[in-house]
Amino acid sequence: MSSGPSLGLFLTIVRPEEKAILAAAESRGVRLVRFDDRDVTFGLERPEGLPPVVLNRSVSHTRAVYAGRCFEHYGVRTVNEPDVLELAGDKVRTSLRLAERGIPTPRTIVALSPEAATKAIEAIGYPAVLKPAVGSWGRLLAKVDDPASAEQILEHKEALPSPIHSVFYVQEFVEKPGRDLRAFVVGDTVVGAMYRRSDDWRTNAARGAVAEPAPLGPELTELAVRAAQAVGGGVLAVDLMERRGELVVHEVNPTPEFKALQGATGVDVAGRIVDYALEVARR
Amino acid sequence: MTECPTCAASVANDEKIVGEIFPCPDCGTELEVLTTAPFAVETAPKEAEDWGE
């Protein structure tokens with residue numbers, strides 16, 4: 001076992017990202033203390049032997065937030081901080097924050113009932129996009145093409161058990177050129193960016209989009225860093241779309257996957273994350 | 001070597017680590033490594049609504 005610095009890794013499952021983080025830590029002589037989010041318990045007293053910083057990589061947003069709060073209670077820094085997870089994990093709060101910071105983002109209206117959502121969709125115009133306020137991987141996104149599909153989709157959403165599905169996040173449909181952009185921000189630096197190409201209007205890597213490296217132009221890097229800092233900063237994947245010649249930020253992901261980006265760009269993203277966590281530990 | 005809990009195919013541990021998720025080479029079921037010595041797997045946890053990035 002290494003006698004070097006230690007970091008915590010809070011996780012659910014070991015995806016290629018976590019495997020890469022484990023390897024990056026080992027190559028740096030960093031001892032990684034694993035916390036399995038299905039086993040760990042948190043009392044009110046601080047346990048002994050905690051690492052100074054925990055990388056919060058739980059795949060469950062809920063578990064990540066509550067664990068983050070518990071580590072915070074123990075005086076342990078987390079990457080990312082729970083405030084960041086809560087804000088960036090909620091599309092409504094993210095949009096509000098982006099707008100407050102003057103960061104270009106797709107036109108968005110929030111409604112709290114199906115009737116109000118109908119009005120919001122009419123105001124945005126067809127096609128519109130309906131997204132869950134909390135969710136990922138393109139899950140339960142709907143492109144609303146006309147009033148008939150709006151009625152059907154809203155009825156289905158209302159029938160879903162979780163009250164979060166009765167928060168209606170309506171966004172303009174951006175006619176993007178068959179791709180969107182993801183910039184990976186670590187601290188105040190964009191470490192890499194990729195295009196995600198897809199025939200589907202949802203360009204999530206989880207939905208099979210093809211990744212290609214994207215140049216780190218000044219508009220992209222400036223916007224991505226501003227968006228990451230707007231939600232509190234840390235390790236964040238900023239998703240952008242090209243809208244009529246300008247870039248708009250549509251999501252900031254607080255527990256980002258990076259297998260596709262690392263593969264497309266050759267950037268050692270895992271190593272940059274571990275280095276950043278070590279830097280946080282030294283602060 | 002162990003067995004896939006779904007199809008009983010032989011599954012080898014080629015440098016996998018505890019917690020790693022991988023598909024059964026025969027039936028495609030997502031499996032999770034429980035232990036490496038001895039090598040043991042179970043069906044991976046099902047994706048929940050709050051899973052993601």
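Guide: Happy to. The buried residues of H1 of chain A are Glu17(A), Glu18(A), Ala20(A), Ile21(A), Leu22(A) and Ala25(A). Here a residue is buried if 20 or more other C-beta atoms lie within 10 Å of its own, exposed if 12 or fewer, and partly exposed in between, with the C-beta atoms placed from the backbone. Helices (H or I, at least four residues) and strands (E, at least two) are DSSP runs, numbered from the N terminus. Please keep in mind that this is a predicted model, in which local features need pLDDT of at least 70 and side-chain atom pairs count only at pLDDT 80 or more, while totals for chains, interfaces and linings use all residues. Residues are numbered from 1 along each chain as its sequence is written, and chains are lettered from A and ligands numbered from 1 in the order in which they are written.

Helix H1(A) covers residues 16-27, and at 1.5 Å a residue its 12 residues should span 16 Å, which agrees with end C-alpha atoms 16 Å apart; the expected span is 1.5 Å times one less than the number of residues. The cover over its buried residues includes strands S1 (6-11), S2 (31-36) and S3 (53-57), along with helices H8 (259-265) and H9 (269-282), of chain A. Just after H1(A), Gly29(A) has a positive phi of about 70 degrees.

Now for the partner H9(A). The axes of H1(A) and H9(A) come within 8 Å and cross at roughly 60 degrees. That makes H1(A) oblique to H9(A): angles under 35 degrees count as roughly parallel, over 145 as roughly antiparallel, 65 to 115 as roughly perpendicular and the rest as oblique. The axes are lines fitted to C-alpha atoms, for helices over the stretch in contact, and angles run from 0 to 180 degrees between N-to-C directions. From H1(A), Ala20(A), Ile21(A), Ala23(A), Ala24(A) and Ala25(A) meet Ala270(A), Gly271(A), Ile273(A) and Val274(A) of H9(A), where contact requires C-beta atoms, placed from the backbone, to lie within 7 Å. By class, this contact has eight nonpolar, one polar and no charged residues. In that count Ala, Val, Leu, Ile, Met, Phe, Trp, Tyr, Cys and Pro are nonpolar, Asp, Glu, Lys and Arg are charged, and the others, Gly among them, are polar.

At 1.5 Å a residue, the 13 residues of H2(A) (residues 61-73) should span 18 Å, and the end C-alpha atoms, 18 Å apart, agree. Its buried residues include His61(A), Arg63(A), Cys70(A) and Phe71(A). Among the elements covering the buried residues of H2(A) are S1, S3, strand S4 (77-79) and helix H3 (82-88) of chain A.

Elsewhere in chain A, helices H5(A) (residues 114-124) and H6(A) (residues 147-159) pack at an angle of about 145 degrees, with axes 10 Å apart. Pro114(A), Ala117(A), Thr118(A) and Ile121(A) in H5(A) meet Ala150(A), Leu154(A) and Glu158(A) in H6(A). That contact has five nonpolar, one polar and one charged residues.

Finally, chain B has zero helices and five strands. Its contact with chain A takes 13 residues from chain B and 20 residues from chain A. The side of chain B that touches chain A has six nonpolar, two polar and five charged residues.

Notes: Contact = placed C-beta atoms within 7 Å.
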